[in-house]
Structures are given as C-alpha cells and as structure tokens.
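Reader: Hi! Could you walk me through the side-chain contacts in this one?
Author: Happy to, let's have a look together.

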Amino acid sequence: SLPRAEPPTPLALNPWDVVLCVSGTIISCENAVVVVVIFYTPAFRAPMFLLIGSLATADLLAGLGLILHFAFVYFVPSEAVSLLTVGLLVTSFTASVSSLLAITIDRYLSLYNALTYYSERTVTRTYIMLVLAWGASVCYGLLPVMGWNCLKEPSACSVVKPLTKNHLIILSVSFFMVFAVMLQLYVQICRIVCRHAQQIAVQRHFLASSHYVTTRKGIATLAVILGTFASCWLPFAVYCLLGDYSYPALYTYVTLLPATYNSMLNPVIYAFRNQEIQKVLWAVCCGCFSPTMPFRSRSPSDV
C-alpha cells in the first residue's frame with residue numbers, strides 16, 4: 001500500500017505577527033469611522049475633507065492588509081495570496097504617505113494663496129493630486145504581483161519578503177523625497193504662520209505675550225505633525241536601505257511596527273481634531289445627526 005501523506009505541519013504562531021494583526025484591527029476600526037463620516041456627510045466635499053478621506057481610506061486598507069496577511073499566512077498559506085496581500089500593503093502605505101504629502105501641499109497653498117484658495121481651481125488641483133498619489137501607489141503595489149519579487153531568487157530578497165532589495169530601495173528613496181518636501185513645506189508654513197500672527201498682533205494691538213503664545217502653539221502643532229510622521233517611518237525607511245535578507249526578522253518587526261502606528265495616529269491628528277468632524281461624531285453619538293447640518297468653512301491650516 002502507498003504510504004499515507006503526512007499532514008502539513010502548522011506554522012508556529014509568531015507573537016510579532018499577532019501584534020501587527022491587533023494593530024491592523026485598531027487601524028481599521030479608527031479609519032473606518034472617518035471614512036463613513038466623510039462619505040455619508042454631503043457637507044464634507046471640500047478639498048480638505050477629500051484629502052482627509054483619502055488618507056483614512058489608505059490607512060483603512062493598510063489595516064485590512066495587516067489582518068489579511070496574518071490570516072493568509074497562518075490559515076491559507078499560498079505564495080500567490082502572499083503576493084496579493086503584500087501588494088495591498090505596499091499600495092495602502094504608499095497611498096497613506098502620498099496623502100500626507102497632498103495634505104501638506106494643500107495646507108501650504110491655503111496659506112500662501114489664501115485669497116484664491118476657495119475656487120474651482122483648488123478642487124481640480126485636489127483631484128489631480130489624488131489621482132497621481134493613488135496611481136503611483138497602485139503601480140508600486142502591482143510590482144510584486146507582476147513578477148518583481150524574490151520567490152524564485154531568495155538572494156535578491158529584501159528585509160521584507162517577497163519584495164526585492166531594489167524594490168524596497170525605490171520605496172525608501174521615494175519616502176525620503178516625500179519627507180524632504182514635507183519638511184520644506186512645513187518650514188514655509190511655520191514662517192507664514194509667524195508672519196500672520198505678528199501682523200494680527202500689530203493690527204489689533206495685542207500684547208507681545210499673546211503673539212508669542214499664538215505663534216508657539218502653531219509651531220508646536222506643526223512639530224507634532226512632522227515629528228510623529230518622522231518617528232514612525234524613519235526607522236523602517238533607514239533599515240530598508242541598510243538591511244539585508246540575511247538580517248534577523250526581529251529587526252524588521254521592530255522597525256515596521258512603529259510605521260503602522262502612523263496609520264493609527266493619523267485619524268487623531270488629521271480627523272478627530274477637526275471641529276466639524278467632532279460635531280458629526282457627537283451628533284451621531286447623541287442620535288441627532290443630519291447629513292445636511294451646516295458647517296463653518298475652515299481652511300486646511302486649522303485642521
């Protein structure tokens with residue numbers, strides 16, 4: 001008689017994968033709230049909210065990608081499915097970073113061109129930025145699925161299997177370029193905010209202490225935004241450039257986990273701090289929400 005086939009040995013559960021899955025669940029829940037609120041509120045069709053919605057959608061997909069990756073690795077192991085989930089993660093995280101860049105550009109232009117910001121031109125520019133951001137993100141995510149992976153050549157693998165070293169280098173270099181642009185734009189925003197605060201203080205005869213407090217608050221907000229982004233993503237981006245497939249997987253987990261926290265913090269920084277979104281959330285909790293409830297128009301610099 002033929003020997004009986006041995007059942008496949010179940011993959012040992014990695015605690016780091018569990019932590020990433022839990023992180024993905026929290027990310028999904030947070031950003032799903034933001035996406036639903038923006039999608040079902042007609043008043044939230046301004047460019048500012050479209051960009052916040054894009055960011056929340058990208059982070060929602062990232063959270064779902066982490067959950068699916070965990071599920072498929074341990075319950076439905078398959079190389080083809082692994083490529084799809086990794087492609088989804090690359091697309092979503094790239095779209096998240098790209099949306100952050102688009103929000104930064106929008107904030108800068110709302111201050112630099114304050115008089116012409118509320119126009120059809122701004123809406124058109126917003127849609128162009130979204131198309132470019134998501135188009136580039138999808139292209140990056142399709143590369144592993146279309147064959148640019150290291151499944152047949154393990155020596156070409158990066159610290160994130162099955163991505164190749166060259167693919168990850170391109171992603172890392174793109175991140176540093178985005179970070180450099182965001183840093184420059186926030187420096188310019190900081191200068192504009194300081195200049196505006198000084199002009200208002202002079203016109204309204206405010207005390208110097210009031211001007212100092214206002215300026216310090218604005219700079220502190222910008223520092224928190226940029227500092228959060230940098231502290232979450234820089235360790236992973238640097239490791240992707242310096243690391244090798246032969247390095248222990250622990251290093252990848254230790255640097256990747258903080259990167260996922262950025263998607264966890266984005267709703268707090270960009271959505272839940274917005275007063276209009278707060279009003280809708282409170283109205284939903286009280287059961288008195290109306291999709292047509294009026295809102296005061298605010299500039300992106302207030303978000």
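Reader: Is Phe176 buried, partly exposed or exposed?
Author: Phe176 is partly exposed, at 27% relative accessible area. Keep in mind that this is a predicted model.

Reader: Thanks! Which residues does the ring cluster link?
Author: Ring pairs join Phe93, Phe175, Phe176, Phe179, Phe229, Trp233 and Phe236 into a cluster.

Reader: How many aromatic pairs are there in the structure?
Author: There are 16 aromatic pairs. One of them is Phe70 with Phe75, an edge-to-face pair with 6.5 Å centre to centre and 75 degrees between the planes.

Reader: Why does Phe70 count as buried?
Author: Its relative accessibility is 15%, and buried means under 20%. Phe75, by contrast, is exposed at 64%.

Reader: Why is the pair of Phe175 and Phe176 edge-to-face?
Author: Their planes stand at 70 degrees, so the pair is edge-to-face; the cut-off for that is over 60. The ring centres of Phe175 and Phe176 are 5.6 Å apart.

Reader: Switching to charges: how many salt bridges does the structure hold?
Author: One salt bridge. The side chains of Arg125 and Asp106 meet there, at 3.7 Å from N to O.

Reader: Where in the chain do Arg125 and Asp106 sit?
Author: Arg125 is in helix α4 (residues 120-145) and Asp106 is in helix α3 (residues 79-112). The two are 19 residues apart, so the pair links distant parts of the chain.

Reader: Nice. Is Asp106 buried or exposed?
Author: Asp106 is buried at 1% relative accessible area, while Arg125 is partly exposed at 22%.

Note on methods:
Residues numbered from 1 in each chain as written. Predicted model: local features only at pLDDT ≥ 70, side-chain atom pairs only at ≥ 80, totals over all residues. Heavy atoms only, no water. Phe/Tyr/Trp six-rings, centres within 6.5 Å; stacked < 30°, edge-to-face > 60°. Buried < 20%, exposed > 50% of the residue type's maximum accessible area, 1.4 Å probe, protein only. Salt bridge = Lys/Arg side-chain N within 4 Å of Asp/Glu carboxyl O. Helix = DSSP H or I, 4+ residues; strand = E, 2+ residues; numbered from the N terminus.
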